[in-house]
Amino acid sequence: MSSIPHSFPVGIEPADIDFMGHVNNASYLKWVQAAVISHWQRLAPADAIATHLWVALKHEITYHRPAFLEDDVILTVLLEKVEGARAFYETVIRRGEEVLADVKSSWCYLDAATMRPARIARDVIDRFFPNG
């Protein structure tokens, strides 16, 4: 079962560059969070977007190559699986065909009114896994 991939281009800002002249690790996290939320907003129904929030539980980043100020970087987001109120994502960060980093992350789906974890409805999940 494969989810619908989501491409998310990022612009590298001078503030993203660290003392070594490449993108700071914190910027990768900022990008992943923005890309996952963008994926959700692109595919989820409006009522689910309006009544639920996501909070990141864990990010595990494997760095392969540095990114620099002038690079064109695109993140590809894939929802790997959903278990109850948790979603597991893989995000690959590329410069052209070159993989700069890959990120495994887990997220918790929250009811916006109660701020409590909420099971993700099957009809919402099906929007991300259309052939599942």
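This is a predicted model: local features need pLDDT of at least 70, side-chain atom pairs count only at pLDDT 80 or more; totals for chains, interfaces and linings use all residues.
Which loop does M115 lie in?

Residues are numbered from 1 along each chain as its sequence is written, and side-chain values use heavy atoms, with hydrogens and water left out.

**Stop 1: M115**

Select M115, and you land in the loop between β5 (98–111) and α3. Check the backbone: phi of M115 is near 60°, a positive value in a residue other than glycine. For context, most residues other than glycine have a negative phi. M115 is partly exposed, because its relative accessible area is 49%. The scale runs like this: buried is under 20% relative accessible area, exposed is over 50%, and partly exposed is in between, using a 1.4 Å probe and protein chains only.

**Stop 2: helix α1**

Now select residues 25–43, which make up helix α1.

At the start of α1, zoom in on N24, where a side-chain oxygen reaches to within 2.7 Å of the backbone nitrogen of A26. A polar contact in this tour is a pair of N or O atoms within 3.5 Å; within protein, one must be able to donate a hydrogen and the other to accept it, and residues adjacent in sequence count only if both atoms are side-chain atoms.

Color α1 by burial next. Buried residues in α1 include Y28, W31, V32, A35, V36, H39, W40 and L43. An α-helix has 3.6 residues a turn, so residues three or four places apart point the same way.

**Stop 3: H39**

Stay in α1 and pick H39. Its relative accessibility is 0%, so H39 counts as buried. Where does the side chain of H39 reach? Look for the backbone oxygen of I4, at 3.0 Å. Show the surroundings too: leaving aside neighbours within four places in sequence, H39 is in contact (heavy atoms within 4.5 Å) with I4, H6, V77, L79, Y89 and F128.

**Stop 4: the cavity**

Rolling a probe the size of a water molecule over the atoms shows where empty space is left. A cavity is a set of points on a 1 Å grid over the protein atoms alone where a 1.4 Å probe fits but cannot get out, and lining residues have an atom within 4 Å of a point. Grid points are joined across faces, edges and corners, and the volume is the space filled by probe spheres set on the points.

How many cavities of 30 Å³ or more are there? The count comes to one. About 60 Å³ of space lies in the largest cavity. To see the lining, select W40, W54, L79, V82, A87, Y89, I120, I125 and F128. At least two lining residues come from each of β3 (73–83), β4 (86–95) and α3 (122–128). By class, the lining has nine nonpolar, no polar and no charged residues. Nonpolar here means Ala, Val, Leu, Ile, Met, Phe, Trp, Tyr, Cys and Pro; Asp, Glu, Lys and Arg are charged, and the others, Gly among them, are polar.

**Stop 5: strand β2**

Jump to K58 in strand β2 (residues 52–63). Although 47 residues apart along the chain, the C-alpha atoms of K58 and S105 are separated by 5.3 Å. Beyond its sequence neighbours within four places, K58 is in contact with K104, S105 and S106.

Among the contacts of L57 outside four places in sequence are R86 and W107.

**Stop 6: D71**

Finish at D71, in the loop between β2 and β3. Buried or exposed? D71 counts as buried, since its relative accessibility is 16%. A polar atom of the D71 side chain lies 2.7 Å from the backbone nitrogen of F68. Not counting residues up to four places away in sequence, D71 touches I12, P66 and R95.

How values were computed
Helices (H or I, at least four residues) and strands (E, at least two) are DSSP runs, numbered from the N terminus. On a 1 Å grid over the protein atoms alone, a cavity is a set of points where a 1.4 Å probe fits but cannot get out, and a pocket is an open set with protein on both sides within 12 Å along at least five of seven lines; lining residues have an atom within 4 Å of a point.
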